[in-house]
Amino acid sequence: MVKISADSTCDLGKYGEERRVAIMPLSVILGDKSYLDGVEITPHDIFDYVEKTGTLPKTSAPAIVDYEEFFARQTENGDELLHFNISAKSSSSHDHAAEAAKSFAGKVTAIDSKALSSGQGLLVMKACDLAAAGKSAQEIADEIKTLIPKTNTSFVPDRLDYLYKGGRCSRMAMYGANLLKIHPLIEMHDGQLFADKKYRGNMQKCISNYIDDLAAQYPSYDETRCFITHSNADKELVEFAIEKTKRTFSFQEICETVAGSVITGHCGRNTLGLLFIAR
């Protein structure tokens, strides 16, 4: 049997639970205390901490021994395991997982998703589809590697406060963007996040333009599913994004998920993204 697991940064929520995806939590560090992502801390804890301290939380990858113990539990019945990591350019998780996998004589394969959040999650879900179809671990890994560069991982943040605190933009850029209602498109290319074009206006207008731009950029795409992932965004904004996506694309399933604490700690509240696999 081929089993699928992933770092907690995949932000799959109930969709991962339904597919029995085993989750390896990263750690979120608030001050001098460490919490397991998705287990001991919520995004609201992040918001409260940043508001009180003015600083962002830090994150920490599981140690090699933690991955070894996790992999041992997943393979104790002789199963093969494919484990999906957050981009190696964002965390040392993949390096640690790949090193730990060496102890399992080819039974465990660590995959650098070169993505994060539900961009990583999309690859996990596709692997689950392939496993359910009876594909071998090697066949799944080979197909997933062809999809990694085709996975659209992008978001539009509401404000730049968290990006500024994380050193990703200047104080002047933050104040100017917040004052003029400028919202940058944050995209992942080859495992790294970059600020691309800028949208201007209220978030609903920006998300509408963002979805239109994605449709123009990716006229051909995997219609199986998409993710609308957000960091506790306003209900009205999420509903608008879902309806706009239904009108603009032809996805068989639109999955809504809330970003976990690791991702929330970098982008802040009301960030929203539409993520899917292009052809």
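Guide: Contact here means heavy atoms within 4.5 Å. This is a predicted model.

Visitor: Which residues does Ala115 touch, not counting residues up to four places away in sequence?

Guide: Ala115 touches Ile86, Ser87, Gln120, Thr153 and Met188, with residues up to four places away left out of the count.

Visitor: Where is Ala115 placed?

Guide: In the loop between strand S7 (108-112) and helix H5 (117-132).

Visitor: Is Ala115 buried or exposed?

Guide: Buried means under 20% relative accessible area. Ala115 has 1%, so it is buried.

Visitor: What separates the C-alpha atoms of Ala115 and Val50?

Guide: A distance of 25 Å; the two residues are 65 apart along the chain.

Visitor: Now helix H3. Which residues of H3 are buried?

Guide: H3 spans residues 64-74, and Tyr67, Phe70, Phe71 and Gln74 are buried there. Their arc around the axis is only 95°, so they lie on the same side of H3.

Visitor: What covers the buried residues of H3?

Guide: The cover includes strands S1 (2-7), S2 (22-24), S6 (80-85) and S7, along with helix H4 (93-101).

Visitor: Next, a sheet. In what order do the three strands of the open sheet stand?

Guide: The order is S4-S3-S5, with antiparallel pairing. S4 (33-36) and S5 (58-60) are the edge strands; each has a single partner, so one side of each lacks a neighbour in the sheet. From one strand to the next, the twist averages 30°.

Visitor: How many bridges link S3 and S4?

Guide: Four, in the antiparallel sense, with S3 covering residues 27-30. Within this pair, Ile29 stands opposite Ser34 in S4.

Notes: Residues are numbered from 1 along each chain as its sequence is written. This is a predicted model: local features need pLDDT of at least 70, side-chain atom pairs count only at pLDDT 80 or more; totals for chains, interfaces and linings use all residues. Side-chain values use heavy atoms; hydrogens and water are left out. Helices (H or I, at least four residues) and strands (E, at least two) are DSSP runs, numbered from the N terminus. Buried means under 20% relative accessible area, exposed over 50%, partly exposed in between (1.4 Å probe, protein chains only). Two strands pair if DSSP finds at least two bridges between them. Axes are lines fitted to C-alpha atoms, for helices over the stretch in contact, and angles run from 0 to 180 degrees between N-to-C directions. The arc is that of the directions from the helix axis to the C-beta atoms.
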